[in-house]
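Student: I am new to this structure. Please give me a quick overview, then a close look at a single part.

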Amino acid sequence: MVFKMTPPFKPQPTVVYERELEDGVHGEANNNGSILVQSGLHEDTQKDVINHEEVHIEQMKRGDLDYDDKNVYWKGKTYPRSKMTEGDRSLPWEKEAYKKS
């Protein structure tokens, strides 16, 4: 049996979880489509963090960004985590996220 869906599709909301994150980390976009936000942030800061991380979710959905424990992959290029500072504004995926959020 074949099931066919026809547009328009309703986008699903991004699931956001509050929890304790590493020192200095306010948010994380997960490749399962969820976002983790540092618990206890001011409401305005939390909104800014979510907006920023949603850009990363979109980057992953369109296939530009992916990651694993050792590397981040951006548009076919591999960036070893051991040789970068996560969240550095000069990283190409961060440039886009900071520009849009």
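**Overview, then the rings**

Tutor: The protein exposes about 7600 Å², and carbon and sulfur atoms supply 50% of that area. Areas here come from the Shrake-Rupley method with a 1.4 Å probe; for residues, only the protein chains shown count as cover. The model is predicted: local features need pLDDT of at least 70, side-chain atom pairs count only at pLDDT 80 or more, and totals for chains, interfaces and linings use all residues. Residues are numbered from 1 along each chain as its sequence is written, and side-chain values use heavy atoms, with hydrogens and water left out.

Start with the layout. There are two helices and six strands. From the N terminus on, their order is β-β-β-α-β-β-β-α. Helices (H or I, at least four residues) and strands (E, at least two) are DSSP runs, numbered from the N terminus. Of the 101 residues, 31% are buried. Buried means under 20% relative accessible area, exposed over 50%, and partly exposed in between (1.4 Å probe, protein chains only). Now count contacts, meaning heavy atoms within 4.5 Å. Among those between residues at least 6 apart in sequence, 27% join residues at least 24 apart.

Next, the strands around strand 3 (residues 35-38). Strand 1 (residues 16-19) runs parallel to strand 3, joined by four bridges. Two strands pair if DSSP finds at least two bridges between them. Arg19 has Gln38 of strand 3 as its bridge partner. Strand 2 (residues 27-29) pairs with strand 3 in the antiparallel sense, over three bridges. There, Glu28 is partnered with Leu36. Strands 2 and 3 form a hairpin with five residues between them. In its turn, Gly33 has a positive phi of about 95°. In a regular strand, side chains alternate between the two faces of the sheet. Both faces of strand 3 are covered: Ile35 and Val37 are buried on one side, Leu36 and Gln38 on the other.

Now the close look: the aromatic rings. Which residues do ring pairs link into a cluster? They are Trp74, Tyr79 and Trp93. Rings of Phe, Tyr and Trp (its six-membered ring) pair if their centres lie within 6.5 Å; planes under 30 degrees apart count as stacked, over 60 as edge-to-face and the rest as tilted. The count comes to two aromatic pairs. In one, the rings of Trp74 and Trp93 have centres 6.3 Å apart and planes at 50°, so the pair is tilted. Trp74 is in strand 5 (residues 71-74) and Trp93 in helix 2 (residues 92-100), so this pair links distant parts of the chain, 19 residues apart. Trp74 is buried, at 8% relative accessible area. Trp93 is buried too, at 5%.

Tyr79 and Trp93 also pair, edge-to-face, at 5.0 Å centre to centre with 80° between the planes. Tyr79 lies in strand 6 (residues 77-80) and Trp93 in helix 2, so the pair ties together parts 14 residues apart in sequence. Both Tyr79 and Trp93 are buried.

The C-alpha atoms of Gly63 and Trp74 are separated by 8.6 Å, at 11 residues apart along the chain. Gly63 sits in the loop between helix 1 (43-61) and strand 4 (65-67). At 56% relative accessibility, Gly63 counts as exposed.

One more ring to find: Tyr98. The charged end of Arg89 sits over that ring, 3.9 Å from its centre. The rule is NZ of Lys or CZ of Arg within 6 Å of the ring centre and within 35 degrees of the ring normal.
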